[in-house]
Amino acid sequence: MTGWIEIGALDDIPRLGSRVVRTPAGNIAVFRTESDEVFALDDRCPHKGGPLSQGIVHNKRVTCPLHNFVIELASGQAVAPDEGCTHTHLAKVENGVVWLSVRQAAAVS
Amino acid sequence: MLDKVTKQKLVVIGNGMAGIRTVEALLERAPDLYDITVFGSEPYGNYNRILLSPVLAGEKTVDDIMLNTVDWYEDNNITLRKGETISMIDRRTCEVVTDAGDRVPYDRLLIATGSNPIMLPLPGKDLPGVIGFRDIYDVDRMIKASTDYRNAVVIGGGLLGLEAANGLMKRGMNVTVVHLLDTLMERQLDPVAGGLLRKSLEERGMVFKMPAQTQAILGEDRVTGVRFGDGTELPADLVVMAVGIRPNFELAKKAGLYCERGIVVSDTMQTYDGRIYAVGECVQHRRQTYGLVAPLFDQAKVCANHLAMKGFATYDGSVTSTKLKVTGIDLFSAGDFAPGPDKEEIVLQDANRGVYKRIILKDKKIVGAVLYGDTIDGPWYFQHLRDGTDVSHMRERLVFGAANLGDGGVNGQNSVAAMSDETEICGCNGVCKGAIVKAISEKKLFTLDDVRAHTKASSSCGSCTGLVEQVLAFTLGGDYSAAPKVKPLCKCTDHSHDDVRRVIVEQQLKTIPAVMRFMEWKTLNGCHSCRPALNYYLLATWPGEYRDDQQSRFINERVHANIQKDGTYSVVPRMWGGVTTPGELRAIADVAEKFNIPTVKVTGGQRIDLLGVKKEDLPAVWADLNDAGMVSGHAYAKGLRTVKTCVGSEWCRFGTQDSTGLGVKLEKFMWGSWTPAKVKLGVSGCPRNCAEATCKDVGVVCVDSGYEIHFAGAAGLHIKGTEFLTKVETEDETLEVIVALTQLYREEGWYLERMYKWCDRVGLEQIRKRVVDDIANRKALFARFAHSQQFAQTDPWAERASRGVDRNEFAPLAELELA
Ligand SMILES: Cc1cc2nc3c(=O)[nH]c(=O)nc-3n(C[C@H](O)[C@H](O)[C@H](O)COP(=O)(O)OP(=O)(O)OC[C@H]3O[C@@H](n4cnc5c(N)ncnc54)[C@H](O)[C@@H]3O)c2cc1C
Ligand code: SF4
Ligand code: SF4
């Protein structure tokens, strides 16, 4: 796991939206909920690899744009009846700044 | 295209409930498709056979129960040949033959001959005074007998027999009911409920002889008595045989159609001869015959769908429920209640109140219910039975009914029957129970929609729909075929699309959170189904006022390109009417090379698709296309997509009008508009139809004398030819009609509901009335569309390529170089 890295301002991510952080190991999607919580997941749906950052965010979930898999932002788990899990990373907001801590092993894709 | 000069001929045999319900449903879907002729043996219009019982009991008159008078047939250009019986079907020449020898040709034939009462083959069965209970003629004879004679014997202790006996008793006769078994209505009731029923009928003066077998009917010129198997005799001046019905399929059988216990039909209500359909009590479907109206009405709907050449509905059989129509006796039964090893029962018996309830469960679901004395919850149990609801969580209190479940999940299921007439049912429109009951009985309403139209109850927020349905079920008895539950918009709400749209307007709701709050959404922020729907509804309702919520849009509409399976995008610039120029082609070629776009493909909608563009390249690609004068083709949008044209009179030797020019005009006027689902247009220069206009959402076929406008076609998952809407003379009129049509669809369609589905739901005639016939309305629709275009016609590509809209969307938030 990396240490905390500053990746940008909270306001640069739309509410109920997401932005992408590029890494050599693949994209990480950083989500912002309606109540300004942030979550980070590999930008790959466990189903067919769809870019989760492009999905519709609702409550603490995102729907994959390719086949409507619904993924829990906190755990990366697909919501039943679908199955699968996306790797999560740590994310936090401090004074309007978003921080990310990448779990290396997970981002290999 | 259908030949509009010589219409196909539809002949209907049987002017009863199933046949005419089918015709009504057909007229709704395709009013002009057929020349319809109806033959009916009975000398009347169409009446509600179910209500013969109250007529016999003196509670209603024959006039009260007429459903369609002779005028109705005339108004709808239907030839009614009442009092004429068909004696033969000649399948070789496709003709029916009347008993007077008249031959009438058909293209399609509908058999709806109902059934006949079974007359037991007893000695004396043909004596005057021995009758069945089936039609007005029988009722007339019974009423006459009740004034002239005293003693009646009813053979058969089923639903029909008891209603006949009750009616004759009300008319002052001494009535004895003879039944073969020792339980009344044994097909609907268990012995306990049968016993309770018998007791309360005896208290009213009815006499029972059961179990008893009838051996002979006695008399010389007229019936005088009945003799039984045990040798006893009863005096009788009138004998009503009500031991059952036999599907009336002799005619079909003689014509060589395959019959078993009824005319055998497929799931599309077709007999073994594809030109011949059959509905009602005369048919056998999946080994099942029916003797109640609710299933017949389901059949009618499916049959009409196929006669109207829509060809997608199927009939899967019905589950039925029964209610005895004897005033003062409450009895309800549904489903299967024979005991079995894998079944569980919940029984409640309250001798003091005269209440008995038995609910039969299997695999956590209700499979049967018998209610006596307190039937208010009948429809509620029946709903769960049909829906196959898992009821294990409410098992303990199930037998006490919906009202005792508190949050049982069904709204307003209080004791409708126990409510006073003044109880308000519909809060929005201030309609009380008495008014609804009155409208149902006086105007002979059958369905929820009827009640809505006549009383306005449940026509606003709709939260009282459950109650109104209960009032309907309670007022009509077994007569009510429950409309399918309104489908909620999605799992986040119980409200339907229509409710949501209506409330947005009525309550002036202008943001997604406001709608969710007001309509008590069950989830925070909704989901991927409802958010885009709400976003569209708000956008369509409040043009210029509502700010499009990008986060509630599906990705394609957010980035104005189509996401591909590898996460790249495809880009399709608009080519007005499918016409392009060397300059545009050159620009497209340059873009493709500059951005290493792997695939360049011509689409079905006459334009060019650039596939495999990386998301971050999108703004630059658009900028280059914009520079060459091209704008977004909205190939990703629930909105106006393409207008496909042929070359028309400008080049083609067959062309009658400038189809290309008209297509361009339409596209220029309509591009940028959002609609419930995608909209594709086609314009052909002559009936050879090279632009395939008749499988588009809206299609124009030019002819010498003008423009034929068609709509509601589709050629995707489903293939469906268009419906003819109207013909106009000028290009301007064509534009006006098409724009008005699209606007109506924008205002009424459910999100993701294609135009053809909307048309099937709302009805072609309804749409034509408002778009073609009512010119003021057409102009108003047109004006509303034009108004909203002011705010819609900005090129989303230009906004993003050069005006910095949504810049964040296309760039990463950060790039990390992890060690
Ligand atoms: C007294 C009574 C009470 C009922 N109560 C209920 C109830 O409470 N709930 C319920 O759901 N159902 C009830 N039913 C049953 C219901 O009425 C029938 O299921 C329904 O009417 C059947 O419709 P159908 O169109 O198949 O037949 P019908 O309505 O009988 O129509 C058939 C018509 O075809 C005509 N016909 C037959 N052969 C020919 C021919 N060769 N040429 C021309 N015309 C022909 C007949 O004269 C008849 O008019 C009741 C029935 C009766 C009689
Ligand atoms: S509040 Fe309401 S309509 Fe609405 S329709 Fe209601 S009760 Fe009836
Ligand atoms: S539809 Fe008619 S006018 Fe158009 S190209 Fe075909 S033949 Fe010519």
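The model is predicted, so local features are given at pLDDT of at least 70 and side-chain atom pairs at pLDDT 80 or more, while totals for chains, interfaces and linings use all residues. Residues are numbered from 1 along each chain as its sequence is written, chains are lettered from A and ligands numbered from 1 in the order in which they are written, and side-chain values use heavy atoms, with hydrogens and water left out.

**Ligand 1 and its shell**

- Around ligand 1 there are 34 residues, of which Ala18(B), Glu42(B), Arg134(B), Glu281(B) and Lys325(B) come nearest; a residue counts as near when one of its heavy atoms lies within 4 Å of the molecule.
- The shell divides into 13 nonpolar, 14 polar and 7 charged residues, where Ala, Val, Leu, Ile, Met, Phe, Trp, Tyr, Cys and Pro count as nonpolar, Asp, Glu, Lys and Arg as charged, and the others, Gly among them, as polar.
- Helix 1 (17-29), strand 2 (34-40), helix 5 (159-170) and helix 8 (293-307) of chain B each supply at least two residues of this shell, and helix 1 of chain B gives the most, with 3 residues; helices (H or I, at least four residues) and strands (E, at least two) are DSSP runs, numbered from the N terminus.
- Oxygen atoms of ligand 1 lie 2.7 Å from a side-chain N or O atom of Glu42(B), 2.8 Å from a polar side-chain atom of Arg49(B) and 3.2 Å from a backbone N or O atom of Met17(B).
- Taken alone, ligand 1 exposes 1000 Å², and the protein buries 94% of that area, as computed by the Shrake-Rupley method with a 1.4 Å probe.

**Salt bridges**

- The whole structure holds 51 salt bridges over all chains, each being a side-chain nitrogen of Lys or Arg within 4 Å of a carboxyl oxygen of Asp or Glu.
- Arg768(B) pairs with Asp32(B), their closest N and O atoms being 3.8 Å apart; the bridge links helix 23 (residues 764-773) of chain B with the loop between helix 1 and strand 2 of chain B, 736 residues apart.
- Arg768(B) counts as buried at 12% relative accessibility, whereas Asp32(B) is partly exposed at 47%; buried means under 20% relative accessible area, exposed over 50% and partly exposed in between, with a 1.4 Å probe and protein chains only.
- Arg286(B) and Asp267(B) meet in a salt bridge at 2.7 Å, N to O, and Arg286(B) is partly exposed at 48%, as is Asp267(B) at 25%.
- Asp760(B) and Lys310(B) form a salt bridge with their closest N and O atoms 3.9 Å apart; Asp760(B) lies in helix 22 (residues 755-762) of chain B and Lys310(B) in the loop between helix 8 and strand 23 (321-323) of chain B, so the pair ties together parts that are 450 residues apart in sequence.
- In chain A, salt bridges that share partners join Asp11(A), Arg15(A), Arg32(A) and Asp36(A) into one network.

**Thr176(B)**

- Thr176(B) lies in strand 13 (residues 174-178) of chain B and is buried, with a relative accessible area of 12%.
- Leaving aside residues up to four places away in sequence, Thr176(B) touches Ala152(B), Val153(B), Val154(B), Val207(B), Lys209(B) and Leu234(B), contact meaning heavy atoms within 4.5 Å.

Note on methods. A polar contact is a pair of N or O atoms within 3.5 Å; within protein, one must be able to donate a hydrogen and the other to accept it, and residues adjacent in sequence count only if both atoms are side-chain atoms.
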